[in-house]
Structure formats: C-alpha cells, structure tokens
Amino acid sequence: MNNFEFYNPVRIVFGKGTIPQVQKYLPEGKKVMVLYGGGSIKRNGVYDQVVHGLKGIQWTEFSGIEPNPLYETCMKAVERIKAEKVEFLLAVGGGSVLDATKFIAAAACYPGKDPWDILTSGGSVVKAALPLADVLTLPATGSEMNCFSVISRKSTQEKLAFGSPHVFPQFSILDPETTYSLPKKQLRNGLVDAFVHVMEQYATYSVNTPLQDRQAEAVVRTLLDAAEDVLSKQDYDSRATFMWAATCALNGTLSRGVIEDWSTHEIGHELTAFFGVDHAESLAIVLPGVWKHQFENKKGKLAQMARRVWHILGGDETSQAKTAIEKTVQFFHSIEMPTRLSDYGITEAGIQKVVERFEQRGTVMGEHQNIRARQVGEILHLCL
C-alpha cells in the first residue's frame, strides 16, 4: 500500500425530507446565492423545499448552469456575486451544478487576471474560495463529497478539471426522492459515471490494498444489483442505494494508497468538448478501449474483478480478464448505453481531432504514464 493522506470535511445529511434542514447548517448572517440549472428543480418541488429552508435568510439566485458547465456562464455568476456581495454558495442540482459552483467559488476569490488559470493549473493556484454547500438531485459524479470540478470553455472547445481542498462542500444534503423525476437517460448516465469512477481507481495494478479493493468491488456490485430497479421504478430503497453508492465511488476512500488511472476521463473529456457527447456516454465508449489497449498491464486486476464482481471462476487469468471487459460492455448495453464512437457519428476525422489536441498539450496519462497522443489514437480506433 502506498503512503497517503486522507482529508474529507464534508457533512452528509442523507434521507427523505432532509432538504428543509438546509437552514440548520447555513452560516448565520451571510448572504447566500442559490445556483441551479435549467429549472427542473422548480417543476419537481425541490426549489420550494429549498426556499422553505431559506426562510429568514438573505439570499439571491443564479440559474442556467449547463449539463456540461461553461466557463462563460460561470463567469457571469462571478460578476453577480461580486456585485451583490454574496458570501455563501448553495448548489442545487446534479454534478454539473456542483462543479460549476466549485469553480465559481474559487474564481470569485482569484486575484489573477484570468480565472481560466484555475483549470490550466489543475487547481494549484487556488488559495481561497467562497464557502459552499449543496442539495444533490442527481447521483453520478460524487462531487457532493469531493473537491474536484470539471468545466468546459465554449470559445476554445476545451474541457478541463481542477481540484482544491478549498472547494470541498461544507455540507451536502442527499434526498433520494429528488431522483423520482429524473428521466431514464440521466439515471443511466449516473450509473455509468459512478461505475467508471470506481474503475479508474481499481482497474490498474495491485499494490497490496485488499481493503480498498473490496470496498471498490462492493460499490460496483451494489450499482449492478440496483441498476434494474433504479431504471424501472420509483423505489426509495434502490434510489437511496444508488445515491450513496455514487457518492462513495468518488469521495476519496477508494483511492487512498492505490494506483489510479483516469485516462478514460481525460480522453472522454475531449469527446464531450468537440462532439457534445454526454460525459457518461464518453466514458462508456472509452473505458473498454483503454482496457483492451492496456490489457497486459491491467490483466491482474481485471481478472480479480471477473472473479469477485462477475463471479467468473473458470479459466485462466487472461480469459477471466477478457470476460470482465465483455461483462462490462454487456452491462452498459443492458441499461441502453451505447459503447461505440460510431453510435454518435464520430469518424476517423474526429479521432484525429482528438489526437491533435493531445499532441498540442503533450499530455501523458495512465497508471504507467505510457499513454500519449499516439496511444490515444490507437485506443479510439478500438472504439469505432
């Protein structure tokens, strides 16, 4: 097991009927800005619950945050925050709203001329941020219990991530009943997003982390077991299980002391930036390709996954590892998630566009730091 530090200050308030408790955890005497997306929270009753919880508190709101939050939109929120002297941010929505709010919190306190520096630096330039919290409505990203954010820039067709301990939420309210109004596609995307988050931390190579491995396998198996009910009915127990599993997939516990990958995410971000593919859709395309391309390096952990998650006990390590890839693709298809670039009309020309982006950046990825622009092209050809 590798040396590690673990720090996670997020208070989780979980369960039905917990949204009005927001007032209990907000700081007294601070002006609050509520940030949200396209307005679905007004149609499903979440907005009214939040407003009830803000009774007696001075607050304003900012809406219109996109599913892949744009830098340009975030900067409009920063302008409002400075003009109205907002002191605390409350995100109400899914991972995109939370990610945007984290960036906005950091950008509002950034002394430099161009807050895009926060993204290009990976967050290293962040020295302060406005305090923030959230009411989660879509399980997927784990953003409610981590310090990471992903932002897109429309003008340059870029999508970059940053992380900073300054943007951990102070608290996150998780009411599984908020998922009842979600369309099937968003639930599907959330399941895949959480699944791949676990795999980025698990499907690498062993450094003797038996507890972390078992925790990762438990989260994945839980997602698999809950998926059918999550997609077919409004069942509180399955939605609660899904919501907490998605949170645990990326709250820092699975990655402590292990070797991580994240190449699937980095490649997938470019599919979103260039072609508008949903984040989870991009992950479902790229993950099998990365596993096939890096098969010899990942074979041991994939075979372990086959045995412990998929209960494949026959055959040798190689056949088990191949079966793990096949089973994963079958799972994606079972929840109606496409897994090929061609499903989205992305061709050889599109692959070249992505490769050129990685060539320009000189990016090196993967747990062995052996994936560069050329390898990205090879991976994406496996995904056509």
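1. Six strands form an open sheet in the order β1-β8-β5-β4-β2-β3, paired in parallel; pairing requires at least two DSSP bridges between two strands. β1 and β3 (59-62) lie at the edges, each pairing on one side only. Neighbouring strands are turned by 20° against each other on average, direction ignored. Strands (E, at least two residues) and helices (H or I, at least four) are DSSP runs, numbered from the N terminus.

2. The model is predicted: local features need pLDDT of at least 70 and side-chain atom pairs pLDDT 80 or more, while totals for chains, interfaces and linings use all residues. Residues are numbered from 1 along each chain as its sequence is written, and side-chain values use heavy atoms, without hydrogens and water.

3. Four bridges join β1 to β8 (residues 171-174) in the parallel sense. Within this pairing, V13 stands opposite I173 of β8.

4. Helix α7 (residues 184-202) packs with helix α10 (residues 263-275) at about 135°, their axes 9 Å apart. Axes are lines fitted to C-alpha atoms, for helices over the stretch in contact, and angles run from 0 to 180 degrees between N-to-C directions. The two helices, α7 and α10, are therefore oblique to each other, a class left after under 35 degrees (roughly parallel), over 145 (roughly antiparallel) and 65 to 115 (roughly perpendicular). D193, V196, H197 and E200 of α7 meet S263, T264 and H265 of α10, contact being heavy atoms within 4.5 Å.

5. M1 belongs to the segment before β1 (11-14).
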